[in-house]
Amino acid sequence: MKKLLSGNEALALGAYHAGVMVAAAYPGTPSTEILEALAEFDDIYAEWSTNEKVAMELGMGAAYAGVRALVSMKQVGLNVASDSFIAASTTGINGGLVAIVADDPGAHSTQNEQDTRHYAKLAKVPMLEPGDSQEAYDMMASAFDISEKFDTPVLLRTATRISHSKSVVEVNRNRVAPAKQANFRHDVEKYVMLPVHARLRRPLMEERLVKLAEYAEALPYNQIIWGERNLGVISSGVAYQYAREVFLNASFLKLGMTYPLPQDLMRQFAAGVEKVIVVEELDPFLEENIRAMGIEVMGKEFVPRVGELNPLIVKESGCRAGLLAEPLRRQKVALSQGLPGRPPVLCAGCPHTGIFFVLSTMGQRSKLLDAKGKAEKEGKLIITGDIGCYTLATYPPLRAMDTTACMGAGIGQALGMEKAGVGSKVVAVIGDSTFLHSGITGVVDAVYNKAQVTIIILDNGTTAMTGHQNHPGTGISAQGKKTEAVELERVVRGIGVEDVKVVDAFDMKALRTAVRSSVDNPELSVIIVRGTCSVRLRKRSGQRAVDIEKCDDCGTCLLLGCPAIQKLDGQIYIDATLCAGDACTICQQLCPKKAIGPVSGKHD
Amino acid sequence: MMKKLDILMVGVGGQGNVLASDILGEVAMAAGYDVKKTDTLGMAQRGGSVVSQVRMANRVWSPLIKEGEVDILVALEKLEAVRWSHYLQAGGVAIVNNLAVPPLSVSLGTHRYPSDEEIKDTLRQRTNHVYFIDGTDKAKELGDIRTLNMFMLGCVSPFIPIDVQIWKDCIFQRLPSNILEINMAAFDKGREEISNVNLG
């Protein structure tokens, strides 16, 4: 049966058909849809874990118990899970363990652009890289087989343009019945990594790599496609697709297993062509490994190592390398440059808007921009931020965020600034899911070391940015079952924070009072700002409108940065199709002229 | 069978760009083509630029279309049409919904939204086949502004030599039954509308 599947859907279906029994993940673009798809099957166990490290450990446990387990995450998630991942490589597994890690070349939705392939080398595990959805589906079966055959976790590396592209998949397998009943066999030399046991495992890891490299020679995913012999292209993943479209007549070595590499196959290929170019996204990972084998290749001196590739960039690289004669036609169209950008923004009715407006105005950052878009003024509060939709409060007009690094970092950074002795009050802002992921240990540190900061937890009851996944605070499991909800206020009080306030995200007066009181408190304080994510509002009613008779164009409402409040040709108006109405009303609460109210009478 | 067709569908988050281009991909697959389809969404759920690329041919390699090789540009918003105009090939087709959604920088007064004349002039640097459609008004007339994406799909459909029944089957399979009727009406309306529109 043919299906048009995204890479992520194909990976999930491939894993299901390969007999996976346990799946765990923390949401992260572009990997999220893998677990979402697996959670639909009720004959397996799938969970949103608290973070990627817990997910990896869950996968280890399940694999130790003899069943096939899958963990999935975005590339920075593997940083969080790396300790467990390398531990899993050291002990080996029993049932198959596959870790899908999704890179984000071009940093479409990530704080960095790291190349996950280095982890395969670091952890000494085999790595597979699909080039489209069909391969994503097929490779999952091989990944579990390799994992069990070689007693190793397998890294399956995907990327945004594989995970989030749809292509045609011939679905030609059914679910294989899980071979084994979960059953853990005691084996302390394998599973208890006392140094004395770890030293026993080390040579086994090296032997494993040698055997894997031999296995890679005959693996059908590593494939030579002979064309004309004057040029050979070595490539993998989506880069292969670009190269295939650009170098029409060349010979190709397509690598589906990119660690360890099939040395004989590569030598055979290199010997069969006049010259070789390596086309790969991000770092020269293949190139350096191939050069180390003594094979002369072209690569990153022509192909960019920064950003996402595309066919045009690969073509330009080919031209620079003198491999393509065809001149480039690249005509810019006048005006398509220098247009107003359309960056993502906090949604209309977002429960984060009110609190950031308070922080922005109290910190004296917010004012109407001048014609050049500048409203520079040093803030009176330092606001350390975190990863989530609320990072968008960095943009004008709110400009209410000073740092964002990685999951959970804002709290530790706030402590560091306070201990360093900055003059301003430091406020750490973190979302509910991010707090549970890696903010809790920061609060423990703050209590223990008598921090004098304010921590604001933005509780919108979901993991919003990745598409509204449940988390431990929501009380609903990944598979939609009711479960125990972890209450944020009980967590922070239990850790020992005395000053804990819970405030309605849409009550501007209460927000201002709470922030004022917490900032004035010389001790540690926590504010939980609670309000439903507007995207999840089932029914919208009472959309607001601007009364032009009363509006004096002061622009205060525009300082919220609400996308429903628009101004075109000198007129401020509210787009009723975007406005969250009665659920929000913060613009109405702010308007000095009382010019904003519900749309009266009939609809527009 | 066509040799190849590359379609770029652009809009603003929340307009239904991804669903419409998904259906377009499914239509092409049902008609026997190889298909690749990819979306670029940026980091948030709503409000940013959304770009969907659909490629159909006997064999498709890259999911990304080369700049200057798009056969049909479908824009659910005018500024986004201009932003992606350089992707259009000379002589291609541009179908533009006559809707302005000013980005924040325009509302805040730091940037200017281009005039209709500027938008048309820019697109005409690439092609004379520019269709301006009052899609948002038509969707409102149908009773739900959210049918805009199916209306625009209807507008595109006559430019792609695939039987209309395949389009309808794919829409039928993809949409929930409670909104099927109005969306099917929007598709029909779009298909009819495009034949009445003068080149803008």
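This is a predicted model: local features need pLDDT of at least 70, side-chain atom pairs count only at pLDDT 80 or more; totals for chains, interfaces and linings use all residues.
Stepping back, chain A splits into domain 1 (2-218), domain 2 (223-320), domain 3 (353-536) and domain 4 (544-598). The C-alpha centres of domain 1 and domain 2 of chain A are 26 Å apart. Their contact draws on 29 residues of domain 1 of chain A and 27 residues of domain 2 of chain A.

Now for some backbone details in the loops. A:Thr29 and A:Pro30 are joined by a cis peptide bond, with omega at about 5 degrees, and A:Pro30 falls in the loop between β2 and α2 of chain A. Another cis bond runs from A:Tyr259 to A:Pro260, with omega near -15 degrees; here the loop is the one between β12 and α11.

A:Asp151 has a positive phi, near 55 degrees, despite not being a glycine. You'll find A:Asp151 between α6 and β7 of chain A, partly exposed at 23% relative accessibility. A:Asp553, in the loop between β19 and β20 of chain A, also has a positive phi, near 65 degrees, and is partly exposed at 38%.

Over in chain B, look at helix α5 (135-142), where B:Gly135, B:Thr136, B:Lys138 and B:Ala139 are buried. They share one side of α5(B) because they span an arc of only 160 degrees around the axis. Their cover includes β5, β6, α6 and α8 of chain B. Just past the helix, B:Gly143 adopts a positive phi of about 110 degrees.

How values were computed
Residues are numbered from 1 along each chain as its sequence is written. Chains are lettered from A and ligands numbered from 1 in the order in which they are written. Side-chain values use heavy atoms; hydrogens and water are left out. Buried means under 20% relative accessible area, exposed over 50%, partly exposed in between (1.4 Å probe, protein chains only). Helices (H or I, at least four residues) and strands (E, at least two) are DSSP runs, numbered from the N terminus. The arc is that of the directions from the helix axis to the C-beta atoms. Contact means heavy atoms within 4.5 Å. Domain bounds come from an automatic or database domain assignment.
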